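Hi,

Here is the structure I promised to pass on to you. Have a look at it first, then read my notes below.

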Amino acid sequence: MSCSMSRTEAAEMILLLSSALGVSAPGMRWSDRARRGRYGLVSMLIVVGPRCWRGAEASILHEFAHHVVNVRNPYRWERGGRINHHGPDFIEALRLVVSEWYGMASYPWGTEYASIRRSVAGAGK
Ligand SMILES: [Zn+2]
């Protein structure tokens, strides 16, 4: 699925993850131009597409983890100071999302930020 995911498959994946994890579904915009996934904290919109460098499937999992963090604590970003968007709460959410979707071993951890790779490797996949 990761090689050539379609818009329909992406939308279905987001609904399946939302249902499995018990969160409201984020919106999705399928973009043929997007080179990387994006997630809007306010719009709750995942932007993803077939040209995303790490692949649409992994991009959705990463952006969906941002959504899980956002839904769990929507006011986190209002409390002032800098937000660490890829901090411990994000890593926990990503592990949850990846485990739910296809298991920790299937995710391309090599495409992640170094801090995330270190954290996951340290915890043991
Ligand atoms: Zn991110």
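Predicted model: local features only at pLDDT ≥ 70, side-chain atom pairs only at ≥ 80, totals over all residues.

**What I found**

Residues are numbered from 1 along each chain as its sequence is written.

The axes of α1 and α3 (residues 88–101) cross at roughly 110 degrees and come within 10 Å. Axes here are lines fitted to C-alpha atoms, for helices over the stretch in contact, with angles from 0 to 180 degrees between N-to-C directions. On the α1 side the contact uses Leu-17, Ala-20 and Leu-21, and on the α3 side Leu-96, Val-97, Glu-100 and Trp-101; two residues are in contact if their C-beta atoms, placed from the backbone, lie within 7 Å. Sorted by class, that contact has six nonpolar residues, no polar ones and one charged. Ala, Val, Leu, Ile, Met, Phe, Trp, Tyr, Cys and Pro count as nonpolar, Asp, Glu, Lys and Arg as charged, and the others, Gly among them, as polar.

**The whole chain**

There are four helices and three strands in the chain, in the order α-β-β-β-α-α-α from the N terminus. These are DSSP runs numbered from the N terminus: helices are H or I with at least four residues, strands E with at least two. Of the 125 residues, 28% are buried, that is, with 20 or more other C-beta atoms within 10 Å of their own C-beta, placed from the backbone (12 or fewer is exposed, in between partly exposed).

**The sheet**

The three strands make an open sheet with mixed pairing, ordered β1-β3-β2. Strands pair if DSSP finds at least two bridges between them. β1 (27–30) and β2 (38–39) are the edge strands, each pairing on one side only. Four bridges link β1 and β3 in the parallel sense, and Arg-29 has Val-47 in β3 as its bridge partner. β2 and β3 (residues 45–48) run antiparallel, joined by two bridges. Opposite Val-47 in β3 you will find Arg-38, and opposite Ile-46 in β3 is Tyr-39. The hairpin of β2 and β3 has five residues between the strands, and Met-44 there has a positive phi near 50 degrees.

**Helices on the sheet**

α1 (residues 7–21) lies across β1 and β3, at about 160 degrees to β1. α2 (residues 56–72) also packs on the sheet, where it touches β2 and β3 and makes about 160 degrees with the direction of β3.

How do α1 and α2 pack? Their axes are 11 Å apart, at an angle of about 40 degrees, so α1 is oblique to α2. α1 passes α2 in a right-handed crossing. Ala-10, Met-13, Ile-14, Leu-17 and Leu-21 of α1 meet Ala-56, Ile-60, Phe-64 and Val-68 of α2. In that contact, nine residues are nonpolar, with no polar and no charged ones.

Cheers

Technical notes. Parallel < 35°, antiparallel > 145°, perpendicular 65-115°, else oblique. Left-handed = near helix turned anticlockwise from the far one by under 90°.
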